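Dear colleague,

Please find below the structure I promised to hand over. My notes on what was found in it follow directly after.

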Amino acid sequence: MPLEHCDLLIVGAGPAGMAAAVAAAPSGASIVVIDDNPAPGGQIWRDGPGAALPPAARKWREALERHANIRVCSGTRVVAAPSQSELLLEDADRGWRMRWKKLILCTGARELLLPFPGWTLPGVTGAGGLQALIKAGLPVEGERIVIAGSGPLLLAAAATARAAGAKVVRVAEQAAFAAVAGFAANLLRWPGKAVQALTLSDAQYRTSSRIVSVQGDAHVESVRLRQGSREMEIECERVACGFGLTPNTQLGRLLGCALTSADAGAQALAVDALQATSLPDIYAAGECTGFGGSERALVQGTIAGHAAVGNERAAGQHERERARWNAFAAQLHRSFALAPGLRQMPQSDTLVCRCEDVPLSALTGCSGWTDAKLHRRCGMGACQGRVCGDAAQFLFGWTPPVPRPPLSPARIATLAGLAAHDDVDRQ
């Protein structure tokens with residue numbers, strides 16, 4: 001299997017990964033950026049037939065292209081970590097090993113999906129998932145859509161849907177009015193965010209409102225919501241429901257990086273003032289260290305990029321900006337903290353693990369994630385626990401076990417190369 005080398009490997013080409021590469025580039029180091037999306041930008045700046053890239057996304061893409069020592073490998077996944085300072089990678093054409101001197105993890109976050117009656121019906125997606133589908137070309141013109149869950153992503157998803165011609169008939173935010181109003185008032189500390197909030201304002205936005213169930217035979221026909229003590233049913237063709245984001249820590253955990261507590265009981269990669277993890281030569285930036293928006297990810301990536309090439313002085317010049325966006329992240333988490341009552345959304349027959357059809361009733365007697373996996377097959381399906389694992393962590397407080405390779409589906413030829421590499425090591 002081919003073996004390549006680089007001075008700095010960056011996993012993830014979202015805002016944090018792009019900023020890290022650009023910050024490190026003047027050092028002359030050989031830099032490789034890998035990402036599983038077709039083009040740089042991450043989830044927030046996802047490209048596609050239905051996407052309108054903001055100026056910031058184009059600016060950072062152009063910055064990457066200006067540096068000859070930055071190589072971007074799009075459509076590339078991490079399969080395993082076969083040895084120290086080495087990752088096994090795969091794209092559409094081949095598998096190969098990449099050996100690095102310094103590593104920056106910018107693996108982002110994924111949407112937190114919580115189970116409720118009807119969440120497996122066709123037409124139910126995450127809020128961020130709806131955005132991604134529309135940007136990829138999903139036609140939603142004329143569809144009635146209800147968006148529910150928690151956090152500013154709901155309003156962003158509503159704006160994306162409306163721009164594509166959909167009729168957003170309700171945006172249901174689980175946080176209380178006082179919490180949301182307090183968050184809005186505090187946005188004056190971050191004027192850019194205040195302006196953004198005004199552009200995303202929506203007449204159908206309701207607080208203290210959460211999803212009860214989705215009804216339909218073969219697809220979504222209506223959704224039942226509870227606002228305060230009152231319940232209502234709204235007819236619609238699509239439901240998008242997301243409860244914030246949870247950090248993608250699988251690769252960091254596989255490598256042995258220490259974790260710290262994040263939002264909604266999840267865990268994030270622990271980093272120091274230079275964005276360094278608990279392992280030497282490994283840094284982390286962006287939402288894998290906790291959700292806080294693209295501005296926070298950009299400054300964290302910049303600090304990590306400078307630090308990884310030994311320019312600690314340049315890294316230190318961005319500490320004040322990072323503190324400013326860390327304060328925004330903290331305010332965001334406080335204002336949109338998930339209410340304990342959300343744990344009551346699933347009924348006993350509600351599927352928690354959709355891949356293996358495992359209902360809530362089958363999990364209530366389990367002692368933890370390993371017990372549920374061994375005796376109920378929870379997390380044994382196609383998503384490998386990425387959806388139900390996060391849900392179980394919120395519902396039961398279970399801590400998922402350390403991931404095992406392969407981290408993503410891979411061709412037999414790639415896995416065979418990994419086995420051959422192990423044989424060479426033993427010799």
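Arginine 94 is partly exposed, with a relative accessible area of 28%. In this predicted model, the side chain of arginine 94 meets that of glutamate 4 in a salt bridge, with 2.9 Å from N to O. The two partners come from distant parts of the chain: glutamate 4 belongs to strand 1, whereas arginine 94 sits in the loop between strand 5 (86–90) and strand 6, 90 residues apart. Glutamate 4 has a relative accessible area of 17%; because buried means under 20%, glutamate 4 counts as buried.

Further salt bridges

The count of salt bridges comes to 18. One of them is formed by aspartate 281 and lysine 102, whose closest N and O atoms are 4.0 Å apart. Aspartate 281 is found in the loop between strand 18 (267–269) and strand 19 (282–284), and lysine 102 in strand 6, so this pair ties together parts that are 179 residues apart in sequence. Both residues are partly exposed: the relative accessible area is 36% for aspartate 281 and 22% for lysine 102.

A salt bridge also joins the side chains of glutamate 237 and arginine 144, at 2.4 Å from N to O. Glutamate 237 lies in the loop between strand 14 (230–235) and strand 15 (238–243), while arginine 144 is in strand 9 (residues 144–150); the pair therefore ties together parts 93 residues apart in sequence. Glutamate 237 is partly exposed at 31% relative accessible area, and arginine 144 is likewise partly exposed, at 29%.

Helix 1 covers residues 15–24 and is mostly covered, as ten of its ten residues are buried. Among them are Pro15, Gly17, Met18 and Val22. Which elements do the buried residues of helix 1 pack against? They pack against strand 1 (3–11), strand 2 (31–34), helix 2 (55–66), strand 3 (70–73), strand 6 (95–105) and helix 8 (294–308).

In soluble globular proteins, nonpolar side chains tend to be buried together. Here, the largest nonpolar core contains 31 residues, and Ile10, Ile31 and Ile104 are those with the most contacts inside it. Strand 1, helix 1, strand 2, helix 2 and helix 8 each contribute at least two residues to this core. The largest share, seven residues, is supplied by helix 1.

The surroundings of isoleucine 10 may be of interest in this context. Leaving aside residues up to four places away in sequence, isoleucine 10 touches Gly17, Ala20, Ala21, Ile31, Val32, Val33, Ile34, Ile104 and Cys106. Of these, Gly17, Ala20 and Ala21 are buried residues of helix 1.

Glycine 290

Is glycine 290 buried or exposed? With a relative accessibility of 6%, glycine 290 counts as buried. Its place is in the loop between strand 19 and helix 8. Apart from residues up to four places away in sequence, glycine 290 is in contact with Pro247, Ala268 and Arg296. The C-alpha atoms of glycine 290 and asparagine 326 are separated by 9.7 Å, and these two residues are 36 residues apart along the chain.

With kind regards

Technical notes. Residues are numbered from 1 along each chain as its sequence is written. This is a predicted model: local features need pLDDT of at least 70, side-chain atom pairs count only at pLDDT 80 or more; totals for chains, interfaces and linings use all residues. Side-chain values use heavy atoms; hydrogens and water are left out. Buried means under 20% relative accessible area, exposed over 50%, partly exposed in between (1.4 Å probe, protein chains only). Helices (H or I, at least four residues) and strands (E, at least two) are DSSP runs, numbered from the N terminus. Contact means heavy atoms within 4.5 Å. A nonpolar core is a set of buried Ala, Val, Leu, Ile, Met, Phe, Trp, Tyr and Cys residues joined through side-chain atoms within 4.5 Å.
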